[in-house]
Amino acid sequence: MAPVQAMDGGTLKVGSKRFTESYILGEIVRQSAAPHVKVEHRQGLGNTAIVLAALQAGSIDLYAEYTGTIASEVLKHDQPVTLAQMRRELATLDLGVAVPLGFNNTYALAMRGDDTGIASLADLAAHPALKLGLSHEFIGRVDGWPGLAARYGLPQRPRGLDHGIAYEALAHKQVDVIDIYSTDAKIRQYGLRVLADTQQYFPRYDAMLLYRLDMPGRFPAAWQALQGLQGRISERAMIAMNAAVEIDGKSFAVVAKEWLSFGGGKPADAGARAGLVDKIIGDDLWTLTRQHLTLVLLSVALACLIGVPLGVLAAFSAPLRQTVLALVGVLQTVPSLALLAILIPVLGMIGMVPALVALFVYALLPIVRNTCTGILQIPPGLRMAALALGLSRRDRLLHVDLPLALPVILAGVKTAAVMSVGTATIAAFIGAGGYGERITIGLALNDNDMLLAGAIPAAVLALLTQAIFELVERWALHREGKLRA
């Protein structure tokens, strides 16, 4: 009989969103399938829209989702739907839902435990001055703030707040109310009061696997193994796993492995929490550095390949100049995450390619603008001398205009490269890796050390990039001086 691995060809791609529980569930799925097939976990892909787009594009094969979210965000219902109806409608999208994991993780609003006089969501209506800090996704969801405010007649205007830092903001009294997940480990840690949903606004959010319909046929042994997760994760076990990551400092992979090994029993001791230095020089440092450098070098090289000719065109064609500069200027204003979300369905993938396209777009402006400016600053007398020597327009461009404009062009390339080092951290939101991977995990866990473990290498790389370009600019200035002489 052929081995199990021969039955499941290719790589099974598991996705997860950018919050603790999703990371853990992604790891549980990955490790459950790993004995039967090669598996890749594309973690921390962002909000529902990005992960769903990745699923529909085939960039991932499945991820853990919640029935309430599927009904409202995927199928766009404003009322709960039955599982049978959900499956029928998902089938039209070539998607399926199966393997209920065993727990319900619903939305709720919470306040500090010492705030008295408010026990339910209905009570909020009488306190319009309360400061609400809600996650951006919750503010925009059909089953989130808009519907909740309408149902209970709430007058507050919430501010957007990343879920990873919401608990700290609440504890420091920067906000009075936050949205939570009912399996959050920090509810008990921070002694919060969960406000009663007396009108039962929030539907059930039972955790299940949302998958591409062709996935079970492509990975039959892995799919059979995943059936073993059905009903095994209790709400209590999920809270304990979230706590093991957020409070005890364990990694997502370790927590998932312990749960699978111990069957939900008592996991091993967490050991000492890794410090900042350990996180900076962690085992993934070289991999993340390679990914980050690849993103920066390729995007800036592509921007030079396109941007320098565009800058030359703008310099020599006055009618086109404002159009070209305006176009690259407008592209620069598109928010990075919005651009990534647009590129995923357009390109039909996540990962390196859409990240490179986004970084290329942001690198264009300084290169185009500086190329145009550098050529326009060349003294007319030098051009006249080139014409007097009989140089063609092509030769004049290659041997006079571009060499003399080189210092200004290099300054634009330097700006683009340094900017790209920082902007490349967004690539982690669509599974392209880089230092942003640490930053997204740090945001999800409110782990300042992990945030710094991503930010510090990025800052060092930016400084090194600037230093290298400073040396190249000095050489270019020295060469320009010789040409002018």
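This is a predicted model: local features need pLDDT of at least 70, side-chain atom pairs count only at pLDDT 80 or more; totals for chains, interfaces and linings use all residues.
Phe252 has a partner, Tyr23, and the two make a stacked aromatic pair, with 4.4 Å from centre to centre and 10 degrees between the planes. They count as stacked because their planes are under 30 degrees apart. Now look at where they sit. Tyr23 belongs to helix α2, while Phe252 is in helix α13, residues 252-262, so this pair ties together parts that lie 229 residues apart in sequence. And Tyr23? Tyr23 is buried as well, at a relative accessible area of 0%.

How many aromatic pairs does the structure hold? Ten. Another one I'd like to show you is Phe19 with Tyr181. This pair is tilted, at 5.0 Å centre to centre and 35 degrees between the planes. Again, distant parts of the chain get linked: Phe19 is in the loop between β1 (11-15) and α2 (20-33), Tyr181 is in strand β8 (residues 177-181), and 162 residues separate them. Both Phe19 and Tyr181 are buried. If you want to find them on screen, look for the aromatic cluster, which brings together Phe19, Tyr107, Phe138, Tyr181, Tyr201, Phe202 and Tyr205.

We've got an open sheet of five strands, and the order reads β2-β1-β3-β10-β4, with mixed pairing. At the edges are β2 (38-42) and β4 (95-98), each of which pairs on one side only. From one strand to the next, the twist averages 30 degrees.

Zoom in on β1 and β2, please. Those two run parallel, paired over five bridges. If you'd like a landmark there, Leu12 stands opposite Val39 in β2.

Which strands does helix α4 lie across? Helix α4, residues 67-74, lies across β3, β4 and β10, and runs at about 95 degrees to β3.

Key:
Residues are numbered from 1 along each chain as its sequence is written. Side-chain values use heavy atoms; hydrogens and water are left out. Rings of Phe, Tyr and Trp (its six-membered ring) pair if their centres lie within 6.5 Å; planes under 30 degrees apart count as stacked, over 60 as edge-to-face and the rest as tilted. Helices (H or I, at least four residues) and strands (E, at least two) are DSSP runs, numbered from the N terminus. Buried means under 20% relative accessible area, exposed over 50%, partly exposed in between (1.4 Å probe, protein chains only). Two strands pair if DSSP finds at least two bridges between them. Axes are lines fitted to C-alpha atoms, for helices over the stretch in contact, and angles run from 0 to 180 degrees between N-to-C directions. Contact means heavy atoms within 4.5 Å.
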